[in-house]
Amino acid sequence: MIQTLEWTDSGVRFIDQTKLPTEETYILCKTHQQVADVIRNMVVRGAPAIGVAAAMGIALGVKNSKASTVGELKAEVDEISDVLGKTRPTAVNLFWAIARMRDRFESLRIRPVPEIKQALIEEARRMHAEDIRANQAIGRHGAGLMPASGGVLTHCNAGALATCGYGTALGVIRAAIEQGKKIHVYADETRPFLQGSRLTAWELMKDGIPTTVISDNMAGAIMKQGKIGAIVVGADRIARNGDVANKIGTYTVAVLAHEHAIPFYVAAPFSTIDLATSDGDQIPIEQRGASEVTHIAGKQMVPDGVQVENPAFDVTPAKYVTAIITERGIARAPYEESLRKLAEELSAMTSP
Ligand code: MRU
């Protein structure tokens, strides 16, 4: 099983996703600042994975703290949360995870400092385990939506590497294959960071799942040839109305899917659903450095001085989304209603 990130006695260990697919190496973070760096530099990426990474970053910071009073520890938790919260703006899982760790801290304030530290470590580890279970549930709910055989297209990497294991979109594909469906995955290359060709293809090949990598601009032609029976992608943030922020290029794929009457599914845990955000226009879109566009593997691909844009995500309007597959079940339009209903069921189950 791929260990995307893992709590160990000596720190938080990450598979270095910037080195895949040619090198499988690991980075051990011993401080929360190092965790912030690996999130920012995309050693770890994918919304659920960066959420749990941030939670483990807080656990690590608290573990390293010299605070002797709860008040001192609280000041450190504030500072650590701030550092981690400034790493990447779009994936709401990051802020969800920080808020959950802060809530846990608040619930422990009357306890002695060593006990609080231990409980926060346990909370981060619990979030790791819960994420895998959520992905398996997403897979169970979504598998029935996949075709019995044929091509399924995905964009970016919403797999084991983007989560704590199994994946969201790739979890749906894995579960469908486990049910005996004969799926062939088409993985969009996903320029500029190449999560599709480097990461999705790597993890699917490891599992022996038939995979074809295409460059992003081939998707329309492949759909027109009738090779794609369904599309499934992940999400970084889903607004209350069902608009979906995901890796740049997802919007293009959704519009193409609509043109070819191919179902377009989004698979995501509830930690990705942001009911506080009304629609996609309110979602902050991360702008990354120009070098991701101007260079490939260190080689310059554009003339000196040309202007470059590099938005890391786009927003797919809810009208193009056939269904949203969550660990609680499947939501369909109108999303404001269906997502609220699933959220209410979730809080009814978790409230004491
Ligand atoms: O920039 P990244 O690689 O963090 O973007 C990842 C994506 O857009 C994924 O599709 C999304 O986070 C869902 S991962 C289960």
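**The ligand site, the cavities and a pocket**

Helix H2 (47-64) and strand S9 (244-247) each contribute at least two residues to the shell around the ligand. Helices (H or I, at least four residues) and strands (E, at least two) are DSSP runs, numbered from the N terminus. The model is a predicted one, in which local features need pLDDT of at least 70 and side-chain atom pairs count only at pLDDT 80 or more, while totals for chains, interfaces and linings use all residues. Residues are numbered from 1 along each chain as its sequence is written, and side-chain values use heavy atoms, with hydrogens and water left out.

There are 19 residues around the ligand, and Arg45, Arg88, Asp236, Asn246 and Lys247 come nearest; a residue is counted here if one of its heavy atoms lies within 4 Å of the molecule. The shell comprises eight nonpolar, seven polar and four charged residues. In this division Ala, Val, Leu, Ile, Met, Phe, Trp, Tyr, Cys and Pro count as nonpolar, Asp, Glu, Lys and Arg as charged, and the others, Gly among them, as polar.

Rolling a probe the size of a water molecule over the atoms shows where empty space is left. On a 1 Å grid over the protein atoms alone, a cavity is a set of points where a 1.4 Å probe fits but cannot get out, whereas a pocket is an open set with protein on both sides within 12 Å along at least five of seven lines; lining residues have an atom within 4 Å of a point. Two cavities of 30 Å³ or more are counted. The largest cavity has a volume of about 190 Å³, and of the 23 residues that line this cavity, Arg45, Gly46, Ala47, Asn157 and Asp236 are the closest to its centre. A volume is the space filled by probe spheres set on the grid points, which are joined across faces, edges and corners.

The largest cavity is the space taken by the ligand; a molecule sits in a cavity if more than half of its atoms lie within 2 Å of its grid points. H2 gives the most to the lining of the largest cavity, with three residues. Eleven nonpolar, eight polar and four charged residues make up this lining.

The second largest pocket holds about 330 Å³ of space. Its lining has 13 residues, of which Pro192, Phe193, His295, Ile296 and Ala297 lie nearest its centre. Helix H10 (291-294) and strand S12 (295-296) each supply at least two residues of this lining, which divides into five nonpolar, four polar and four charged residues.

Backbone geometry was also considered. Most residues other than glycine have a negative phi, and most peptide bonds are trans. Proline 192, in the loop between strand S5 (182-188) and helix H7 (195-206), is joined to arginine 191 by a cis peptide bond with omega of about 5 degrees. A cis peptide bond also joins leucine 20 and proline 21, with omega of about 10 degrees; proline 21 is in the loop between strand S2 (11-15) and strand S3 (26-29). Methionine 42, although not a glycine, has a positive phi of about 65 degrees, and is found in the loop between helix H1 (32-40) and H2.
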